[in-house]
Amino acid sequence: MTSTFFQICSLFYVVMLTLQYYSRKRINNIENKIYSCLIINVLVELILDILSIITIRNADKIPFLNQFVAKAYLASLISWLSFFTLYILTISIKHSKKDIDDNILREKARLYAGVLGLIYAFYIVLLSILELQFVSNQNGIYSCGPAAEFSYAVAGLLILISVVNVLRRIKTIPRKKTIPVFIFVFVGLIAITIQMSNPNILLISAVDAFITFLMYFTIENPDVKMIEALNLAKDQAEKANRAKTDFLSSMSHEIRTPLNAIVGFSQGLLEEDLPADTKEEVKDIIDASDSLLQIVNGILDISKIEANKLEIVNTEYNFEKIFKELVALSKGRIGDKPLEFRYSCDKTIPPVLYGDYVRIKQIVLNLLTNAIKYTKQGYVDFTVNSVCKDDVCRLIISVTDTGIGIKEENIDKLFNKFERLDLEKNITIEGTGLGLAITKKLIDFMHGNIVVQSKYGEGSKFTVALDQRIIPKELDELNIPAIEDDNKPFVSNGGKILVVDDNKINLKVAARLLRAYNVDVTLVTSGQECIDEILDGHKYDLILLDDMMPKMTGVETLLNLKKIIGFNTPTVALTANAISGMKEKYLENGFDGYLSKPIDKVELENILRKYLTDMDTKTEVPPKEDKLEDISYLKDNGIDVDASIELLGDKQTFLSTLNDFLEETSERLPKMEQYRKDNDMANYAILVHAMKSDAKYLGLTKLAELSYNHEMASKKNDKDYVDEHYSQLIDELNHMIAIIKKYLGKE
């Protein structure tokens, strides 16, 4: 009598396997799709095998049902083998070459599935036609005849295809993937041998079940929950990194905008006829602003480095000019310290090199600044040597000082972020601990090397080696000027400059800085006004164009300007967006130059030298304006007048800015309301950002705070917050307008 023991046992563990397989999340790949078909197929196969044993025992009572079930069982056997062969063909292609494209793999799998599907359809047609016979003897009852023999032939063909494909790619297919094939052949041969000697023992479907079970441990089926958790953590980390970048970009803009006014007006005050002690105080303001700016730049640089977005921009440069600029900058930082600054340079260094001279200046300046900062007396020695071979010049730059030195155990910590050594002794020395970290990263990016030698209490020596390409050119062939007398004052021949900025205070700063250069300055507050100026036929020698403006950004404005026939005016980006790499971005967008806020007077002069013609004239300084009447009314109503005048420079500028604020607000309010109603949070953010900046300058503390909250909310597209707190913002704005109007007599 035919036994169902193996089939029932196999069915039990396959059901358990199926529940386990489908209860877990799976990656959606081709292997899992084919395996899903295999596991369902083997369940059906086992059930049909058990049913065929039952029906064959009652063949005389239900002959038609017996024929149908027996042929269905044979069809399930060939179906399982077809899916198994498809699996083998797919993994053979997948591992035939590295990094095969998923789309190509899917197309190949569809092709194989189509061919095997045609073979299976042909088999089913013939199986339904061919006769299936049943033999009964002392060993039991079993099927035979043309249908059974044809099934065995198709099964043998499919097994042969699988084995040949595995053997052909045995070196490329992972070993664990080949195990089911070889075990299937080995166990299958044993099962067939046993069945031939004792047809009562049916093992084929049990073998298929065992191979299906074994394959569960070889398919690519990692813990998807873990993958999802990792992906979630990755997404959160990326969002946090983007938020950090957005914050740093915003911080850069926020800090640089008021710094622009502080530095700009302070530089303007230096040119005024002020008492000596007042001039010293103004210089202190500029120095403090420079220190703050260096901190901001350091934080932005380290953020760029961590995001792997720092770019090395190689160009041809005049070596001697760059290093003499470094000497001049460093000497200026010594101040009143009893320090000797020594500089020696290898005269054999080629005059024109190719590399990122901006980063080289940053590296060397960091080292020289540190040496000066931590050396109270003695000397700072700056030496440049070289080793030239073929077309490469290795610059060997050393900075030696007689400063405080570094303990041996602390040398390895030097290049850690935010690491400050001997803080108890150096508490009065300014710094964030970022300079050397940035320096090391920059040197690594440029494939250079840095070595530190130090003796605690006696001094330190930093040596940097950087390879630069030699350009066989003379200085007069280079498109940059040779060494010039940096002390020579620049005065224009009366060139015309158009300054475009939506912030009127920034316009005042630019106008004040440009006073000393004998230029005719026109100020406009939007990209459209700039375009209208050009379309109206006004000619300018230079345009200074802000980028972050409502309705039309500086980049968009420039694109529209370039559509005007005959437009060829040099246009320089003037922006507080000073994250590392932005200069290159603006140049790629078509700008001819780049000026970051706060405007550096040296950089401004470089721009003016480049685009305007020199002439030996001097600009008369306008007479000082009369002081204002008493301003206690404004102070009594919560306006921080003293802070505002400190930012703006004098009371007359404060009064002028109050008038500008009223005019600006009358235009700004209806636009804000419209943007809010239209749910245009991007443009709404730009307007409240401008209002916040104006409020800060004018000492309108509460209005500035409310505007900042609205700016942050609108940048996050938080319309609910904007709507909920809009009336509070407008009430405070109207309250300030009423106070200002009453003070100015404009009620």
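By how many helical turns are Lys715 and Glu711 separated in helix α22? The model examined here is predicted, with local features requiring pLDDT of at least 70 and side-chain atom pairs counted only at pLDDT 80 or more, whereas totals for chains, interfaces and linings use all residues. Residues are numbered from 1 along each chain as its sequence is written, and side-chain values use heavy atoms, with hydrogens and water left out.

Lys715 and Glu711 are separated by about one helical turn, because they lie 4 residues apart in helix α22 (residues 701-715); helices are DSSP runs of H or I of at least four residues, and strands are runs of E of at least two, numbered from the N terminus. Their side chains meet in a salt bridge at 2.9 Å, N to O, a salt bridge being a side-chain nitrogen of Lys or Arg within 4 Å of a carboxyl oxygen of Asp or Glu. Glu711 is buried, with a relative accessible area of 0%, while Lys715 is partly exposed at 43%; buried denotes under 20% relative accessible area, exposed over 50%, and partly exposed in between (1.4 Å probe, protein chains only).

In helix α23 (residues 719-744), Lys719 and Asp723 are likewise 4 residues apart, and their side chains form a salt bridge of 2.8 Å, N to O. Lys719 is buried, with a relative accessible area of 19%, and Asp723 is partly exposed at 32%. Both residues belong to a network of salt bridges that also links Glu673, Arg676 and Lys677. A further salt bridge joins the side chains of Glu605 and Arg609 (3.6 Å, N to O), both located in helix α17 (residues 601-611). Across the whole structure, 20 salt bridges are found.

The protein chain contains 23 helices and 14 strands, and 46% of its 747 residues are buried. Within helix α10 (residues 319-334) lies Val327, which counts as buried because its relative accessibility is 9%. Beyond its neighbours within four places in sequence, Val327 is in contact with Phe341, Tyr343 and Phe382, contact meaning heavy atoms within 4.5 Å. Val327 and Phe382 are 55 residues apart in sequence, yet their C-alpha atoms are 8.4 Å apart in space. Of the contacts in the chain between residues at least 6 apart in sequence, 73% join residues at least 24 apart.

Phe12, in helix α1 (residues 5-23), counts as exposed, since its relative accessibility is 57%.
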